[in-house]
Amino acid sequence: MAAKTLTIDGKQISADQGATILDAATDAGITIPTLCHLDGVYDVGACRLCLVEVAGINKLLPACTTRVHEGMVIKTDSERLRKYRRMTLELLFAERNHVCAVCVANGHCELQSLAYSLGMDHVRYDYRFPKWGVDNTHTLFGMDHNRCILCMRCVRVCWHIEGAGTKNVSGRGSGSQIISDLNQPWGTSDTCTRCGKCVMACPTGALFAKGATVSEMERDRTRLEFIVTAREKKQWIA
Amino acid sequence: MDRLRVATVWLGGCSGCHMSFLDLDEFLIDLAGMIDLVYSPVIDVKEYPEEVDVCLIEGAVCNEDNLEILRRIRARTRLLVSFGDCAVTANVPAIRNQLGLRNDESVLQRAYVEGAQSNPGVPREPGIVPPLLPQVLPAHQAVHIDYFLPGCPPPADRIRTVLSQLLRGEEPHLEGEQLKFG
Amino acid sequence: MIIDDLTEITEKELASRKKFTIRCCVAAGCVSSNSVGVKEALERAVRDAGLEDQVEVRGVGCMKLCCQGPLVQVDERNESPGATVEIRSVDTGPLYQKVTPEDASALIGTLQGGSSNLSQADPKHPFFAEQLPIVLANSGVIDPDRIESYIAAEGYQALHDVLRELTPKDVLDSVLQSGLRGRGGAGYPTGLKWGTVAKTPGTQKYVICNADEGDPGAFMDRSVLESDPHSVLEGMAIAGYAVGASQGFIYVRAEYPLAITRLQTAIKQAKQLGLLGSGIFESPFNFNIDLRIGAGAFVCGEETALMASVEGKRGTPRPRPPFPAESGLYGCPTLINNVETFANIAPIIRKGAEWFSGIGTEKSKGTKVFALAGKITNTGLIEVPMGTPLRKIVELMGGGAPDGGQIKAVQTGGPSGGCIPADALDTPVDYESLTQLGSIMGSGGMIVMDETTRMVDVARFFMEFCMDESCGKCIPCRAGTVQMHEILTRILNRKATRRDLEKLEELCDMVRHTSLCGLGQTAPNPVISTLRYFRNEYSELLVEDAYGPRRNGNGQCAQPTADSTL
């Protein structure tokens, strides 16, 4: 495979042809904030946190879906990008009911850790306080729509890793929500294999293992690799 | 330099932030030597004074009483700090907002009637229970707030960081995990 | 089907012309004011008067002056030799407006020399006289339900010539030389797009016609589909030949039932005559067209969302590149053009690229169809050469604001566009000039506003539209439009302060630069453009910031804050 040389944040690096900017940056030890990206699952470019500046292109490009080109000069961090990223997070916090203090994922939440690492000290937009429910009908897992950020990781792992196709999205705009099968209680789903990949993939406390209380929903991120490679390595949980 | 005139106030919250403040332990002794605490739930002053330098605001703005005192504080204070998640995000008190506007009646019913062990009935006499606002607000949606000190409660070292910066005459500045909600 | 068959159909069609043709509009606008009833009443009146052998009552497409519908026009046979288009749209007979079924017998009476006091429109009015119909040439003239009627108006000639006499390269060159640019709004040169699809290797390629017209106040594409569906089919088939595709899809929104019916009829007829299908005009070229019906999502007009929807998936956009020309429908090279773009193709082939590029401005060639709506006297469709000054369109042709009102602004480009203030009305309408004014050409909706319109209202209306139509995939568009709408509402309710306005502008900038697709990227445009030209209307609604940073601390100004996000 041909290699491409490029510059990220002033650092000369080389990357495989076909690699994304995100791959290349990660290999070079440069961290780009992401939220909808999950290693091993195809990218959708939805959260817009990984937008970067590419010299000669006046649009901001998502690092997760943009392929590297020879001679690209990329900036992953600037005052403008930091501002946009912080605003994106503020919009997310205002959109649904993210109450960190009483969340199962408190302390293990990607949304929460991104917020503090990007310096978001408060949300300037009006909180929407929408009324969303909790689906507790499944025997093992729960889904709290109040904490969902619609990254669609659960949908993608359910369809493309597990192949069950239980999780999906209904509605549109701010009324979008993650549903099970034909928008029915998760516990009544015929297709759910109870594999728990969606729970492992969820960046927030929206999907959780039942029985976990505040701060207890610690996700074992090493299991994500298992999620990705289990099929090839034929490692199945009994 | 004059001693910093500091106040703290307890709006709609659980007082956990003030408990955390007391967790400053021996730093409280140092602090006592450097500031004048002019108004706080931990001292006995009834009226919020004029010419305050810094006020730490605990709690969300839940009722008209909260709103009134906060506005008075804003007018009489140089720097306001939202102190803890309830002031910064409205946090747990704002969970009633999910019930929609005009949830005040159902909240009062729940508290004073359904949950009452004796003498059920919502207290209606003026001055007993201040009227609830239609929506619980974070402090910065009611008045301008200068600095934010999140956490539920903010750990004592985080409070100490901000107070030390203020005492040194610096801009309070937190970063990284010190900004963590929850 | 060979060329002689086309000629035969044309001759038969012309020979069957009766002395009078009464054209009755049966496009959606007039249908909604009972033009179907009018047409039936006219047919009855013709029978009652015993004039069946002299009068044809023909349902036709849009006759453009929609606000005065139902429209009925009467023509006497044009005997001039060499008239290939069966009825010329100039030199036509009286045009009756707001016709009711009760008017039918009086109208037929005029054919026998009777007089009537039926309300008439003036076909010499600039609204009609200043139009240059290319896309709408057949609209209001031919019967959209009969392929013979289209063939008699030189229909499918271009497809024949292309398949029998030109190479795909010739066609590409023609389209490129014509200077035609995409009529969906962005104005990308059509020839370049076709060329990219043609160059991309692939055994299976697709041609898609984007008929998901959704801008509020825009109805150009609907009219083309309802009035002249075959022109779109012909354009698509020519495109298929040029780029090497054998399958086409028309993605049309379900809210256009009449257009869907007409398209279904047209496709069926074209297949019956062998003008679609295998071995068209006895060439090796195969081309089929299928309809796909949209389910009511504006975002499906965005090409990547449209393709996802055609594939049966949730209609959400994906990042580009890859562009559809490289990897589109089912991962194959795909050409997507708008209805009006395809409708321009056959005339370009028939009359030549030079003829087409002689119309319009240096960078914007040909004509553009606009739907005039809002506070304007003559609501309806107009087709004018690119570069026509906006003032000519809204004041001369459109007749200005009704009841002597003053035009305040013209909104173009729908929710992605902007408001052009009255003092910029002398701007020529072309892609570049409109962009410079902070608006866009868009698909052709033109909403006129008079001095009673509040611009903050307008901005909020479009923001509400975008908020409702956001697919929800990317955060800036999904959550940002909600917050922008909230702030606009607060401004209108006189509850917003200067700081809220700053927040709004900051959000505009952020949503514009970070959204995934065009819907989000352009959602702030109505706010940005109204702020640019009508900022005072915003400021007048702001209230004093009583508890803001400048009023705190015993009336002193606050120290600069560390809160850089504020």
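**Chain A: elements and shape**

I counted six helices and ten strands in chain A. Helices (H or I, at least four residues) and strands (E, at least two) are DSSP runs, numbered from the N terminus. The model is predicted: local features need pLDDT of at least 70, side-chain atom pairs count only at pLDDT 80 or more, and totals for chains, interfaces and linings use all residues. Residues are numbered from 1 along each chain as its sequence is written, while chains are lettered from A and ligands numbered from 1 in the order in which they are written.

Next I looked up the radius of gyration, which is taken over C-alpha atoms. For chain A it is 19 Å, close to the 18 Å that the globule rule gives for 238 residues, so chain A is as compact as a globular protein of that length. The rule is 2.2 Å times the number of residues to the power 0.38. I also noted the span of the C-alpha trace of chain A along its principal axes, about 55 × 50 × 30 Å.

**Chain A: domains**

Chain A is divided into domain 1 (3-77) and domain 2 (84-233). These bounds come from an automatic or database domain assignment. The C-alpha centres of the two domains of chain A lie 25 Å apart. Their contact takes 14 residues from domain 1 and 20 residues from domain 2. Two residues are in contact if their C-beta atoms, placed from the backbone, lie within 7 Å. On the domain 1 side I found eleven nonpolar residues, one polar and two charged. Ala, Val, Leu, Ile, Met, Phe, Trp, Tyr, Cys and Pro count as nonpolar, Asp, Glu, Lys and Arg as charged, and the others, Gly among them, as polar.

**Chain A: its partners**

I turned to chain B: 19 residues of chain A are in contact with 25 residues of chain B. The chain A side has ten nonpolar, six polar and three charged residues. With chain C, the contact takes 27 residues from chain A and 26 residues from chain C. Helix 2 (residues 79-95) of chain A gives the most to the chain A side, with eight residues.

**Chain B: confidence**

I checked pLDDT, the predictor's confidence in each residue, from 0 to 100. Chain B averages 94, and 99% of the residues score at least 70. Among the elements of chain B, helix 5 (residues 104-114) has the lowest mean pLDDT (90). Helix 4 (residues 85-89) of chain B has the highest (98).

**Chain B: one residue**

Last, I looked up Ile57(B). Leaving aside neighbours within four places in sequence, its contacts include Val9(B), Leu11(B), Phe83(B) and Ala139(B).
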